[in-house]
Amino acid sequence: MSEDQGLQERFTQPATWRWSTIRNARGHDMRCGGSLPEDGIVNAHILYVPGLSETAEKTFELAKDFNKNAIGFWTADRFGQGMSGRFLSNKFKQHSEGFHHDSADMIQVARE
């Protein structure tokens, strides 16, 4: 177990994981993260789109599995979730301008 987080190793951040922030087309910050295989050999990339109320940290075990198979793994906290920006000051309340904005955000994540 990882002593600092009290988590099993498989649930901890991959060694090559990197965080970044992008600004979506509507001017809001979105937190993104991803990792590449440790040996640098990449045969494909995957963009994992989280569900409602999921954060990037939930995907660490999945990212490690993909990386072991020469696949780069990328995800983002959707706008209004996780460590991304929010419409409302109360971070426990959800709001959306519609699915078309969510899909445009993920297309931007994939491009950047």
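Ala, Val, Leu, Ile, Met, Phe, Trp, Tyr, Cys and Pro count here as nonpolar, Asp, Glu, Lys and Arg as charged, and the others, Gly among them, as polar. The model is predicted, so that local features need pLDDT of at least 70 and side-chain atom pairs count only at pLDDT 80 or more, while totals for chains, interfaces and linings use all residues. Residues are numbered from 1 along each chain as its sequence is written, and side-chain values use heavy atoms, with hydrogens and water left out.

By these classes, the lining of the largest pocket has eight nonpolar, four polar and two charged residues; a pocket is an open set of points on a 1 Å grid over the protein atoms alone, where a 1.4 Å probe fits, with protein on both sides within 12 Å along at least five of seven lines, and lining residues have an atom within 4 Å of a point. Of the 14 lining residues, Ser 20, Cys 32, Trp 74, Val 109 and Glu 112 lie nearest the centre. S1 gives the most, with four residues.

Val 109 also belongs to the buried residues of helix H2, together with Asp 102, Asp 105, Met 106 and Gln 108; buried means under 20% relative accessible area and exposed over 50%, with a 1.4 Å probe and protein chains only. Seen down the axis of H2, the buried residues fall within an arc of 155°, and therefore line one face of the helix, the arc being that of the directions from the helix axis to the C-beta atoms. The face turned away from this buried side carries the exposed residues His 100, Ala 110 and Arg 111.

Key
Helix = DSSP H or I, 4+ residues; strand = E, 2+ residues; numbered from the N terminus.
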